[in-house]
Amino acid sequence: MMQNVHLAPETDEDDLYSGYNDYNPTYDTEELENDTAFQQAVKTSHGRRPPITAKIPSTAVARPVATGCGSKTSLASSMGRPMTGAIQDGVTRPMTAVRAAGFTKAALRGSAFDPLGQSRGPAPPLEARNEDSPEEKIRQLEKKVNELVEESCIANSCGDLKLALEKAKDAGRKERVLVRQREQVTSPENINLDLTYSVLFNLASQYSANEMYPEALNTYQVIVKNKMFSNAGRLKVNMGNIFLKQRNYSKAIKFYRMALDQIPSVHKEMRIKIMQNIGVTFIKTGQYSDAINSFEHIMSMAPNLKAGFNLILSYFAVGDREKMKKAFQKLIAVPLETDEDGKYISPNDDPHTNLVIEAIKNDHLRQMERERKAMAEKYIMTAAKLIAPVIETSFAVGYDWCVEVVKASQYVELANDLEINKAITYLRQKDFNQAVETLKMFEKKDSSVKSAAATNLSFLYYLENEFAQASSYADLAVNSDRYNPSALTNKGNTVFANGDYEKAAEFYKEALRNDSSCTEALYNIGLTYKKLNRLDEALDCFLKLHAILRNSAQVLYQIANIYELMEDPNQAMEWLMQLISVVPTDSRALSKLGGLYDSEGDKSQAFQYYYESYRYFPSNIEVIEWLGAYYIDTQFCEKAIQYFERASLIQPTQVKWQLMVASCFRRSGLRFLVRLCTDIGLKEVQEYATKLKRLEKMKEIREQRTKSGRDGSGGPRGRRDGSAGSDGGQNCSAGSRGERLSAQLRALPRTEEPYDSSSNKELDASYVDPLGPQIERPRTAAKKRVDEDDFADEELGDDLLPE
């Protein structure tokens, strides 16, 4: 084996840089000036073609070539032809292609070798553009039109529809100017039709986005009727969409069909979408048979989720049970066209693979797949809940059939959700026992389903005030899935019901950490902070919730109540006004707002809201009491009577209401007597009316004397002033009797009242009462001791009453 191994000699080492100085002497150009033959050839053959050399006998050595050592060696042509510049038989062969190689006579005079002409300096500057030329103006105007169209589209995508329309209109105006200028400069054939089409199409789209449908239709008509625009007939789909928005269904179907006729069969996807629009329009018009034909054709050609769901709706409308089942099976069989979730799980610990999976785990494609899957699940669940009660003799049997079909499909995980929906349907039918039995079936299943079932069981027991069972199932739900925000919220509710508000707040916070959009947890933590008297934190929670739920009456009330507790009545009234704009018939909110205005001293506004509250709920004792006292204060006792009579009906054991009615009758005097006699039709009405007129005239004369006495001066007038002053004092006391009576009314004891006005009813963590807590209505006058003289009224005199 070693005989084939040859070792390199140690002494004779190869030079790594040997051979780099060796070169072919043929390429030595330094000695060309001293080469007589070469110089002679240059002088004699410049600009002439070489003679034919085929007849010249070849030679082994044509001419000597200079080498680096100055010796001359002869080289022969490979074809036997003498080399260029060689001397043969005393004749010098002419040189060829001298000028093309860059050799000039100037080079012989010592000029530098510059074949590219770099010694001539930089190129002259480009000719300046003439901006005043018509072509340049047209080019700039066309660029401006394109920019306006792009700005319009960008504004539309940003939601600024008004700006998008203005840009589109401006682009249309400038495009018409551009067309006129181009017609003046060039022929009409050179008009940019693509630009015109894009401007008109964008303008029509912006009109439609701004709900200016007549203008949009007119613009689309301009495009469609122009034969120079290719494929403009497709825009009839957009026109059909506008008619559909206008609820002009017959024209919508007409334009959809016209567009369908103009689209070739090779564009299968577009034709399917138009047929789906036609089917939806048929549903809106109640033509379910035609809609069924459209959707059946779509499901046979290119099945999709929307068409399958609409087909189920159509069969449900006509009441065909068997066809509903078949349509549901077709919907289940629609391919989802998404990758498996296993693709996003790393099979090994390869860091490169893990980085790739982490990058694609939440990219746009993955988000689109999730949205498509969520949409498919929504359609299937909705369809199952729709047809389950009608396809069989009972909804339970129908749900069981749907569950079996789903289990045999690619949506196996939806079967458990259908079972839970079955339990919820039992709840809606008030069958709590069946709901509980259905949910208890999930206790031995996988963790996610077990958590959902236990969450619902906890909710059911919480509604029945069985807090121990509710807490037990809440613990089961949390242990099965610690990241379930609903389970954590229910657990917090059970702790809240036991009065441990700090611990309840911790559960609500954990639920929010797992799902920041859990509005139930956010609302409940606000209630918890309110219980803990941490009003600033509670207000912050409810304001955040208001940003999510803009028209939630419960949230608006809580914000107003917190501002009231913070002694900021102006803010409280402002939020209560927003609450009334959402629920204008809420009597509690109206009475609450009236009480705030009353505490601020604005009686007219308070009366307005109290009266509106009474109109919607005429059994609120507090509102009735306030309205009766208000009419007594304003000297309209006869109007106060109806409120006190209603109060006596609501609380028949309360003596104060009958006393108030009697007092109002006494204060009403002869005027009320005349009114009663008129209503009853007694013959004494004329006598009482005459006495009333005489008294009113006497009172008017007395008031005139009082006024004249106050204006006079001197001893006699002073005495008249004194008498008049006494009369005036009597009148003032009569005017203040209403306030005294109102104060007496409030001073009377309250027993056996169905509404406890002094209790503060807070909202719990599970049930939200939009009416809110009840608080003591601020009083308008100080309470006085009840005297017998307070109910006396001698303004008109007792002698005028009949014996």
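Student: What am I looking at, and how are residues numbered?
Tutor: It is a predicted model, where local features need pLDDT of at least 70, side-chain atom pairs count only at pLDDT 80 or more, and totals for chains, interfaces and linings use all residues. Residues are numbered from 1 along each chain as its sequence is written, and side-chain values use heavy atoms, with hydrogens and water left out.

Student: How many helices and strands are there in the protein?
Tutor: The protein has 32 helices and four strands. These are DSSP runs numbered from the N terminus (helices H or I, at least four residues; strands E, at least two).

Student: And what share of the residues is buried?
Tutor: Of the 803 residues, 38% are buried. Buried means under 20% relative accessible area, exposed over 50%, and partly exposed in between, with a 1.4 Å probe and protein chains only.

Student: How do helix 12 and helix 14 pack?
Tutor: Helix 12 (residues 321-333) and helix 14 (residues 364-391) have axes 11 Å apart, at an angle of about 160°. Axes are lines fitted to C-alpha atoms, for helices over the stretch in contact, and angles run from 0 to 180 degrees between N-to-C directions.

Student: Which residues of helix 12 and helix 14 meet?
Tutor: On the helix 12 side they include Phe 328 and Leu 331, and on the helix 14 side Ala 384 and Ile 387. Contact means heavy atoms within 4.5 Å.

Student: Which residues have the most contacts inside the largest nonpolar core?
Tutor: They are Phe 328, Cys 402, Val 406 and Tyr 411, in a core of 154 residues. Helix 14 gives the most to this core, nine residues. A nonpolar core is a set of buried Ala, Val, Leu, Ile, Met, Phe, Trp, Tyr and Cys residues joined through side-chain atoms within 4.5 Å.

Student: What does Cys 402 contact, beyond neighbours within four places in sequence?
Tutor: Its partners are Phe 328, Ala 384, Ile 387, Ala 388, Ile 391 and Leu 418.

Student: New topic: is Gln 276 buried or exposed?
Tutor: Gln 276 is buried, at 14% relative accessible area. Gln 276 lies in helix 9 (residues 268-285).

Student: And Leu 692, where does that lie?
Tutor: Leu 692 is in helix 31 (residues 685-711), and is buried at 13% relative accessible area.
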